[in-house]
Every structure is written in C-alpha cells, then in structure tokens.
Amino acid sequence: MPYPANYRYTREHEWISVEGSIGTIGITDYAQKSLGDIVYVDVPKVGDKVTAHGTFGSVESVKAVSDLYCPVSGTVTAVNDELKTSPDRINEDAHSAWIIKVELSDPAELDKLLDAAAYEAFVMEETAA
Amino acid sequence: MRYLPKSDAEREQMLAEIGARSIDDLFAVIPAEYRLNRDLDVPRQHAESEIIDYFRNAATKNTVGYYSFLGAGSYRHYRPVIIDSLVQRGEFLTSYTPYQAEITQGTLQAIFEFQTMIAELTGMDVANASMYDGSTGTAEAVMMAVRVTGRHKAAVARTVHPEYREVLATYTKYQGLPSNEVGFDRRTGRIDLAALEAEVSEETAAVLVQSPNFFGVIEDIPAIAQIAHAKGALLVVAITEAISLGIVRPPFEADIVAMEAQSCGVALSYGGPFCGVIATKEQYVRQMPGRLVGQTVDRDGYRGFVLTLSTREQHIRREKATSNICTNQALVALMATIFLTVYGKEGLRELAVHNLAKADYAARTLSAQRGARLVFEGAPSFNEFVLDTGEAPELWTPRLLDVNIAGGVPLRHWYPELGNATLWCATEVITRENIDTAAQVLAAAAVEVQEAC
Amino acid sequence: MTQESKYMSNRRSVGKVRPHPTQNEALMFEKSAPGKRACKMPPLDVPAVDPASLLGADVRREAGLLPELSEIEIIRHFTRLSTWNYAIDLGMYPLGSCTMKYNPRVNEVVARIPGLAEAHPYRIRSHAQGILEIIDLLQRCLLEITGMDAITLQPAAGAHGEMTGILLVRAWHESQGRPRKKVIIPDSAHGTNPATAAICGYAVENLRSNAVGGIDLEALARQVDEDTAALMLTNPSTLGVFENEIHRIADILHARGALLYMDGANMNALVGKVRPGDFGVDVMHLNLHKTFSTPHGGGGPGSGPVACKAFLEPFLPIPVLVSEADGTRRWDYKRAQSIGRVRAYYGNVGMFIRALAYILANGPDGLRQTTEDAVLNANYIRKKLEDVYELPYRTPSMHEVVFSDRKQAAKGVKTGDIAKRLIDYGFHPYTVSFPLIVPGALMIEPTESESVQELDLFIDAMRSIAREVDEDPELVKTAPHSTRVSRLDEVQAARKPVLRWRPASQ
C-alpha cells in the first residue's frame, strides 16, 4: 500500500495528516502488518494533552502490545469510536482508520517528521536489518 | 530411586551416544570450586510406607477430633466426596497452564464455568481465573482501582481482615499509595460511615471494605458505595466467606469484588493453598490482573476456549504489566467449581441458611451465659459473631479444649480496644450439642471467676 | 481411496498415538434443569430461622444462576472434560522452564491426612506442633539444598517469591541509607522479572546477553553503579546454560554494593550438584511446583519460597518460624525490620507437605541422581536433534536445550507450527518463542522423568516433523489434525471477549 504523499510520518510508524490546526493521527500500513490482527486500541480522552514523542495509547494484537507515539503536541479533540468495536478497521485500511485528532499547539513540530519518501526509505532499512 | 525410569546400563548407553565419558562431563561447566562434592545433609531415602508414617505421626501431634468455632477468614465446611475423586484425576492434576488450547480444553472449559459461577455469585459481570488467595487478590484489586482511576489513595475499613490489611500495606508500600484506615461503629461493628465520608476525597482511588466483615457483620454496601462514588472513587469489596453469597445480597454496587473461595470445598490445610478471585464490571476488564479464559470457535466452527486478553500480563507487557502474577490456583478453583456444582442453586441457599441458623443459635446461647454479651448489635451478620465473656479468653480456652472444643479467636492482638472479645464462627458442621457444651463450659468458668472475686 | 482404506487410515498409529473418540460435553449450565440436586443437608438441629427477618435488606432475593445437576452428571461432566487435557500422566511434557516432572501420588495421600488437611491456621500453638515440625524440616532441607542461611515459605508462587525477594533487597538497601533506583535484568529473563522489579518500585534496566548467550561481564561492569539495587539472574539461564563466570558476576555487583538475586526456576539442574549460596547469590526463590514435584494442577497452586543470606534475615516477611528451648516451635511476629506480610497465614502449606514428601522419597542420593538424569536427558535430545534443528548457542546444555526454527522458517514453518504438529504425535509441545533472544525458539526441558523409550519416541517425532516440513509444509502449518478442536480463533476471543456463559434469553 502506498504511503500518502500529503501525510507526515514518525520513526515509530504513526502518520499525521493536517488540515488547518487539526492533525489526524493513525498508524501506518507497515505497523499494522507487523502487529498482525489488531484486537484492541487504547486511546486517550477528548481534552487530554499529548506531547510530541510522548505515548498517547497503545494498539494490541493477540500476543503483542505496541505503544502509540504522538507525532505532535497539542490537545485531543476527537477519538475514533469506531475502533472500540471494530479495531480490525486498522488492518483493513490503516491510512484511513484514524485513531485521534489533535489541535496542534506547535505546528513547527511537523517539520521534524518524515515525508512519504523518507518514511518509505526508513521502512526499507528496517526490514533489511 | 523409584521415580527415575532408567537403569544404570541405559544411562551408560546414553552417555556413550552423547559422547561423554561420564556424567561429570556434563557438569564440567560448573567451576570446580563450587561443585558440591558431598551428599546433601537431608534425610535419607524413605520408603513410601515410611513417608506416610512420618506425616501420620506429625499429624497426630496436630491433634484431631476437635470441634472448632474458629473462622476469621478460613472456614470449616463439609467437602463433598467427589471433589477429591475428580481433582485427583491425572489429567487435571498433572497438566500445566492451558497455553496449548487444543489439548487443554478440559481445564479451559472448567475455568470458564468457574468464571461464570463467580460472576453470578458476586453479582459482577466478569471474574478472572483465580488469584493466589483472598489477601493478595484484595491487594491486587486495590491496585487495579488505582489504574482505573489514575488516583493514588485508598480508604480501608478497619473491619477488613487484619492480615489482608497487612498484605495490602506490603504491596502498596512502594507504589506511592497511602492507605488510611477508617474505624468502625462500636455499637454495630460496621464501618463508621461519617468517618468514611470525611476520609474519602477527590484523590481517593479505592474504598476497601469487607462484607461480611472480619467481625462477621454485613456492611451497608449501598451506603458505602454512595460515599465512594460521590467522589469518583471505586468501591472494592473483599469477601472471605463465599458461602454467605447463598443468602446474603451480593455487593451489586461494588466496582471490584475480591473474594476468597476457600469455603467452597477447599481444605483448611493450615491456611493454604486457598483460592482468591477478582470479579468486576465489564468496563474494567482490561485493567484486571490474572488469567482470563474466553470463548471462541475453532476452524471448523466448533466452540472452544482459550486464554485471552493476555496482553495485560507479564509475559508480554513485562515491566508494564497489570501485575507480576503468573500462575493462578487452577486446581483449587476446580475444587470450588465442583463444590458449587454439587450444591447448585438451591443447595447453596440451603447451606447458607443452615449457617445462618447455627450462628444465630450459637450467638444467642453463648451470649446468654452469665457475664457474656454480644459485642455488636443492630446490624445483620452471617455465620460469625463477636462475644465478650467478661473474662480473658486464656481462662476458658483450656476448659473448652478439655471437652474437645476449640473456641473463638481472641481479637485483642488486632483490636486492643475490644479487650477480651473473641470471634466465633458456627458453620453447618457445628452441632447443637457442640454449642450447648461450649455454653456450659463458659457458664462454669464465669461462676468460678465470680466465686473467686 | 476405498471406504475400507479410508477407515483404516483413520485408525493409523503415528508414533505412540492412535485416535480414539472423546465424549462431547456441554457447559454445565446448559445441562441444568430446575429441581435436580446432588446434595442433601442433614436435618437442622437448631431452631430454623427466617433469613428475610434476620438479614432485612441484606437478604439475597435472586439466587445466582448456579447449575442444578445430579451427582452422576457432575462426575461425567468433569471426567469428560478431563479427557480433553494432555497431562504428565499421559506422556512427556517438555515445556522448557516449567519442569514438568512426575508428581508422586504419595504426596497427594499425605497432604490429605486429616490432621494436616483439616488444621485451621489460627489453632492454638500447642495444637499446631506437628505441622510446624513439617514446615521446619522442609525449611532446613531447602536451606541445605540452596546453601542459604534463612528462608520464608510464605510466597504463593514463583512470581510472588520474586516480589518477596526484591522487597528484601529494597529493605536492606533502605537500612543502608537509600533504596537505590534500578534493577538490572538480562534480555533472556522470564517476563515476571521485569514486572516484579516494577511492582517493587524499581526502574528496569535491560542487560544484553553476550555472543554465547551468557552475561556480558564488561557490559555488566559498565552498567552496575551506585543506583543499582540488584541483578536478577536466572542460572542456569533460560538457554539452559550455566553462567560459568558466576562468581565474577557476584563480585562486580558486590563491589558496588548491589545484590545478586537468583531466579530459581531452573534449580532442577543444580540440586545436589552445586549450591547458589556457595557461588555468591544473596537471595533467591524456589518453585516447589517445578523442582520439588508438587503438581501444576492446570496452572496452580504453586509455592515460591525465598531463601537468603543471613544479612537479609531481619527483613523476612512476618511471621517467621522459631524454635523454643523446650523443642516446641512458634511463629514470631515481632520483627521490627520485616518487609511485612506478603500473604495471609503462612503460605501454601499443602504444597510444603508434598515437597517434603518428595525430598524424603529421594534422599541425598536420589536428589543428585535426579539432577544428573535431567541433564542427561536434555543432552541426549540435543545430540539427537542438532543435525535437523539449528542450535543457536553451542554452549553446553544443562537441563534444557534451546533450538531455533531457522531451517524450518525458510520453508515458511515456524516454531509454533512445529509445536502444534508435535501434538499429533502424542506429545505436549515444548515452550514456544522463548527466550526472546533466540528468534523462533524451541525450548525443550525433558526433566528426569522420561525413560529412554519415551525420549526416543519424542526424538523420532521431532525428526519426522522436520521431514514433513521439507515434504509437506502445509501438513505442519495446519496442525494439529487429531485433536478435538482445531486451532482456535484467538483474534475473535480478544476482540469480542466472551468471558462467561449467559442464558440465551439475556
């Protein structure tokens, strides 16, 4: 699955797409593939503060847990309730199954993230190692 | 050695195939200075008959044939014969934790049935596969409340089993979890609601009470829940006498129930192994410690059971796990499962009512003796009560033992404010004759003391 | 295929097994019918009471949904369930790190002697002397076996023992001025170790294994500092390898005031041959359900005694067993420096009785022979399988051997698949994917309880599976084929948890 060019990415395999001051955050297709069947997503509450590189929740498969790292700092404005009952949405289409939306407090943080090409190269490197 | 299935010739043959000259080659990696070059100083090899003799002999020093009014968190109930017939089947006894679901469906289904019955008994939505015992289960339940609420204080009733409170203190010492004790109403033996209200704040993660409490008194769970929930704290209810749930209203308002299931067919065995269990509301299940069995289907669509939600556990989450607990008490939980099946819906109620009747008669009879009184009144109790005979228990204990009766547990050690009070338990196995005999001895002692005055 | 040959093939022997039918059995709740009973109470010999008037608002109105069944149905229910389990009594159970050895039946008999099984924990001291004598003898045996100075039997299981042991470490450091901040744990450790350290308020620092799977002494020396409370070490390691530089490990720690904690999960490799107390261990736990033959019972009860050196003795959990001048014994509760209680009462006493029965049955010669046979069995398996399964670490094995699935993974078959196929050959799988430092680990611990004949059948099965991986990998990947249920849908179980039965109407 191609990595959307208008998203930005973390080295911990989260993506963010930004519209105005709101960032929408999910995990990448590579991340969902490495985890396998996702059974549960633990998310923060609307209004919680998140920080860039800080954890904001976790995704669980049957035999593994992976922390979620936030690409940016800000305040949670929405969580995807659909994932409560259908966490498999992430497996079906990771790049549309968003997890949280965040009101950015420091848009400059976006510049430190990877673009699609850089992320793809990073993934190639990881899989080769 | 009769447990070792090899002849010396076979050992030699195996060594030869490995390419070792002697067994010492296989231990060569151990630095010479540490190798033990002598026999261990332990008793010599015993024949099976000698082993049985040794333990039988030790058991006679333990004295048998006493009628016991001891309770206080460990209860003597009749154990149906089929419990031991079934749990001694090698397929249950000598099986491991059911990680390989295809060949452990027996254990898995039995645990699923256990979880269901415990949820039904306690009035909760779900229960886990069991914990070490009631005391550690209670400590784990409080820590679970900390995870759920994100708060770091606990209010603990002084009417919770004193040893449970000690265990909780050990568990929470290094978790930054101060727990303050809340006293009890000297008339009823229930938690002091005004003191509780004053203690609970927006920082309280858990209110911990026991019901029936350590004095046998049933706590006012709806009122306690109201106080806890008003401040956003969770209510944790510990239960040491599971049989009470046959007739006592379950703590529906609790958020977490930590129960000791020893009463359900588990031998006293000087305090262990017992069987703790945690039950809770559906929404907290992912914060629950311990193993859980869930229902699913196999590839052909048949119903089957697996250990599930294991990402909560230490072998996956390591230092971030909900608890470091690894084992449960599967075989003891199986005993409880069989016990509850034997008694069933009607039987458990009847059993509980017998307990209620025996304790009621015992409380009335013993407290009617001269100088004796019930310490708490005005709140219902189950099969235990606190008695003050007006004199030190040391005075009458030997007299009771002379007639083969073990009387109540002295409370002074834990509750100095209760002076000479003792905690008595009368389950279904106590007879009217036992109670009447104990009453006569207490009466005689009282007369004697009076004459001496 | 003709009807007849198909019929015959269903009855084909594979190694030591041949299929046979098992009974179906519904959940007990589904078999329940109102009015059936399996119990009869004796007549009430005291005045009957009215629960509603005694209990008032606290009376239970609705009984829980407990089943209603007769005795024969209950016997059949649990007997049928039991036949769906694999067990040591049926055959080899080579779960690495779990020490699935024979559980002697005399242990069960003595634990049920009425004077022991019916003893109330609060019975007066003079009536408990027999049981205290048993506890005392077991304590003395375990101290001799470990070479330690003091012991508590209170912890209910191995992980509970770990917690107790690390709390002793913490209490001692506090008595020296400060608790320190971190516990070092090798990457090969059991998951309970880091969970335990965290619960005791310590940060966990990972220590990478060296090229031969042991402790990297230089890395350790760099890592241990004034903030290090202890190293939690499993010896032999989870690779079944003895840390032959163990004394240097202890020296590095002690030089900086840190302690050496030993996870005794693998004591079955050491009993009677070498004692942890002699090689620098300060505190350790034992697993009576592993090394000392108390039954695993489908996952407990266990028992996890903690033994320590004399300087840690003041911190042991209360109560501590002490002997009086008159030869009697009592529990001592007045211990100012104690870490407190870790459990109500005194521990899993029923397990103490079984473990002592095992020690008595063995004696010093039997205990040593047991260890030697356990190590012999593991090395025999290693020798017979090392040409077909990759051995990632060639260091000498003690009581268990760890292979990797590298050769088979090349064909798309993983350690988990091989384990499931082993079931079709009549064996319980080995431990899968642990230790974590071996990718695709097959961790095999035969214990001393296997005869050459059973070992050879196991080896034949493993070799045959390796051939199947080459010839028909799908056969292995879809195993097991002979069990009551096929592979279960764990994803569904975790996504939509069904943790209890409910009646259809609800």
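Two residues are counted as in contact here if their C-beta atoms, placed from the backbone, lie within 7 Å. Please keep in mind that this is a predicted model.

Let me begin with chains B and C. On this criterion, 169 residues of chain C are in contact with 161 residues of chain B. On the chain C side, the most is given by helix H12, residues 349–385, with 23 residues. Sorted by class, that side of chain C has 96 nonpolar, 43 polar and 30 charged residues.

I turn now to chain B. Chain B has 14 helices and 15 strands, and its C-alpha atoms fill a box of roughly 85 × 55 × 50 Å along the principal axes. Of its 453 residues, 60% count as buried. Among contacts in chain B with a separation of 6 or more, 72% are between residues 24 or more positions apart.

Finally, the core. In soluble globular proteins, nonpolar side chains tend to be buried together. Which residues touch the most other members of the largest nonpolar core? They are B:Val236 and C:Tyr261, in a core of 346 residues. Helix H12 of chain B, residues 330–367, supplies the largest share of this core, with 23 residues. Domain 1 (67–76 + 344–452) and domain 2 (81–339) of chain B each contribute at least three residues to the core.

As for C:Tyr261, leaving aside residues up to four places away in sequence, the residues it touches include C:Gly165, C:Ile166, C:Val169, C:Leu231, C:Asp282 and C:Met284.

Terms used: Residues numbered from 1 in each chain as written. Chains lettered and ligands numbered in written order. Predicted model: local features only at pLDDT ≥ 70, side-chain atom pairs only at ≥ 80, totals over all residues. Helix = DSSP H or I, 4+ residues; strand = E, 2+ residues; numbered from the N terminus. Nonpolar A, V, L, I, M, F, W, Y, C, P; charged D, E, K, R; others polar. Buried ≥ 20, exposed ≤ 12 C-beta atoms within 10 Å, placed from the backbone. Core = buried A, V, L, I, M, F, W, Y, C linked by C-beta atoms within 7 Å. Domains from an automatic or database assignment.
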